[in-house]
Every structure is written in structure tokens, then in C-alpha cells.
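Let us walk through this structure step by step. We begin with its sulfur links, then move to a sheet and the helices around it.

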Amino acid sequence: MYLLTLMLGSAQAMEVWNVKGMNCNGCIRKVETQLELIDGAQIVGTNPLQQTLCLEGEYDREKMVSGLAEKGYEAVLMEGAECPPGVESPWEGADGDVKVISLGEEVSLEDHLAPGKFTLYDFGAIWCAPCHRAAALVKEEMAKYPDIAVRVIDLDASSETAFDLPVAVQHLSKAPGIPWFVLYNPKGRRIYRGTDVDAALKAIKRKR
């Protein structure tokens with residue numbers, strides 16, 4: 001059961017809250033929906049990597065905290081903290097041949113091969129810091145070479161439940177963690193599977 005930290009009174013300026021469990025896209029949406037019920041509370045930004053929420057406006061702290069507790073989230077005011085930058089999914093707004101093919105549901109990888117290209121399947125999550133770093137490296141490579149397509153499998157669940165998703169049970173039973181990459185060459189043959197993005201990119205260069 002989640003603890004409840006009550007901060008009596010009304011907020012007057014921007015505040016940073018630690019919202020434990022808010023580390024997936026679905027979690028953020030639930031928190032945002034709940035905060036729409038709190039008069040005066042305006043979301044400035046969310047950071048699922050740090051599980052932080054930035055709010056401004058004049059709102060009832062106690063009502064906000066108790067409302068989130070009802071949804072299963074413990075909100076704790078981080079006094080003196082500055083609002084950190086917001087974080088989006090690693091592939092949000094990416095250029096090039098990038099498609100999200102699963103948000104947790106089962107998916108056949110072979111059904112999403114990009115004809116004539118290297119197809120890199122990226123299993124990751126918004127709360128996974130290594131996933132963000134790996135995606136940045138792949139984006140740099142894609143900017144140089146148009147023969148790379150990325151198919152994103154976004155584990156849209158908290159870090160505690162992500163590996164219970166159907167797509168994780170289907171494809172990640174042997175994976176030690178995420179990011180997890182599966183790479184096919186333009187002929188549809190698998191040439192890499194593992195956690196090392198550098199190894200995947202080197203495999204592309206060898207076969208190009």
C-alpha cells in the first residue's frame with residue numbers, strides 16, 4: 001500500500017513532486033487525467049526517468065496528493081528542487097523510417113520488415129536511460145544512411161511490470177534487460193540480436 005504524504009495549504013509557485021510509480025506513458029496519462037480534476041494545478045513538465053512532476057498555479061496540495069494516492073501513486077513534495085527537463089519516449093518525433101509497432105501487445109517482427117533496408121527492432125521504454133542513449137546513436141546513423149529502418153516496441157508499462165507485457169513474454173524471455181535489439185538485413189535474414197547498440201550498428205556496416 002502506498003504511503004500518503006500530505007502537504008497542507010495551497011501551492012503558490014512552481015513546485016516539483018516525486019510521484020512514485022509514474023515511469024511509463026500510461027502512468028503519465030493517468031496522473032494527468034487525475035490532475036485535471038484539481039482546480040488551479042497546471043502541469044509544467046513530467047520526467048518519467050526521475051518520476052518527477054512539475055506543477056505551478058494555486059491548487060490544494062492535500063487534494064492533489066490524496067487524489068493521486070487513490071490512483072496508486074505516492075506524491076512527495078521535493079522542497080527546493082528545480083524543475084528538471086521533461087522526457088519523451090526515445091523515438092518521439094524522430095526523422096526517417098521509424099514506426100512504433102507495439103505498445104505492449106504481441107507482434108510478429110517479420111510482418112514489419114522494411115523492404116530493401118536494414119530493419120532494427122528496438123525494444124525499450126521511456127523510463128530506460130540506456131534506451132535513450134542508444135536511440136540517439138541510431139538516429140545519428142540514420143541521418144547518414146537512408147538504408148536503416150527502425151521498428152519500435154515500446155514497453156508502455158512501469159519498470160516493475162514491463163516484462164509482464166505480452167510482447168515481452170513473446171520476445172524477451174532470453175533478454176537480460178533493455179534496450180534489446182533484433183536486426184535483419186535487407187534480405188530478411190536476422191544478423192544480430194542483443195543489448196549492444198554499437199554491435200548492431202557495426203553489423204550493419206559489415207553487411208552494407
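The count comes to 3 disulfides, where a disulfide is a pair of cysteine sulfur atoms within 2.5 Å. This is a predicted model: local features need pLDDT of at least 70, side-chain atom pairs count only at pLDDT 80 or more, and totals for chains, interfaces and linings use all residues. Residues are numbered from 1 along each chain as its sequence is written, and side-chain values use heavy atoms, with hydrogens and water left out.

Take the cysteines in sequence order. Numbered that way, the bonded ones pair as 1-2, 3-4, 5-6. The link of Cys24 and Cys27 is right-handed, with 85 degrees about the S-S bond. Cys24 has 4% relative accessibility, so it counts as buried. Buried means under 20% relative accessible area, exposed means over 50%, and partly exposed lies in between (1.4 Å probe, protein chains only). Cys27, at 7% relative accessibility, is buried as well.

Next come Cys54 and Cys83, joined by a disulfide with an S to S distance of 2.0 Å. Cys54 lies in strand β3 (residues 52-56), and Cys83 in the loop between β4 (74-77) and β5, so the pair ties together parts that are 29 residues apart in sequence. Helices (H or I, at least four residues) and strands (E, at least two) are DSSP runs, numbered from the N terminus. The torsion about the S-S bond of Cys54 and Cys83 is about 115 degrees, so this disulfide is right-handed. Cys54 is buried, with a relative accessible area of 1%. Cys83 is partly exposed, at 29% relative accessibility.

Cys128 and Cys131 form a disulfide too, their sulfur atoms 2.3 Å apart. Its torsion is about 80 degrees, so the disulfide of Cys128 and Cys131 is right-handed. Both Cys128 and Cys131 are buried.

Now look at helix α2. It spans residues 61-70 and contains Met64. Met64 is buried, with a relative accessible area of 1%. What is Met64 in contact with, leaving aside its neighbours within four places in sequence? The residues are Trp17, Leu35, Ile38, Leu55 and Tyr59. Contact means heavy atoms within 4.5 Å. Met64 and Asn185 are 121 residues apart in sequence and 51 Å apart in space, C-alpha to C-alpha.

Turn to the sheet. An open sheet of 5 strands runs in the order β5-β7-β6-β8-β9, with mixed pairing. Its edge strands are β5 (98-102) and β9, each pairing on one side only. The twist averages 20 degrees from one strand to the next. Angles run from 0 to 180 degrees between N-to-C directions, and axes are lines fitted to C-alpha atoms, for helices over the stretch in contact. Two strands pair if DSSP finds at least two bridges between them.

Follow the pairing around β7. β6 and β7 pair in the parallel sense over 7 bridges. Phe118 has Ile148 in β7 as its bridge partner, and Thr119 has Ala149. β5 and β7 also pair in the parallel sense, over 4 bridges. Here Ser102 stands opposite Ile153 in β7.

How enclosed is β7? 7 of the 7 residues of β7 are buried, so this strand is largely enclosed by the rest of the structure. In a regular strand the side chains alternate between the two faces of the sheet. Ile148, Val150, Val152 and Asp154 are buried on one side of β7, and Ala149, Arg151 and Ile153 on the other. Helix α3 lies across β5, β6, β7 and β8, running at about 160 degrees to β7.

Last, find helix α5. In this helix (residues 197-207), Val197, Ala200, Leu201, Ala203 and Ile204 are buried. They cover an arc of only 150 degrees around the axis, which puts them on the same side of α5. The arc is that of the directions from the helix axis to the C-beta atoms. An α-helix has 3.6 residues a turn, so residues three or four places apart point the same way. The buried residues of α5 pack against β6 (118-124), α3 (129-144), β7 (148-154), β8 (180-184) and β9 (190-194). Lys202 and Arg206 are exposed, on the face of α5 turned away from its buried side.
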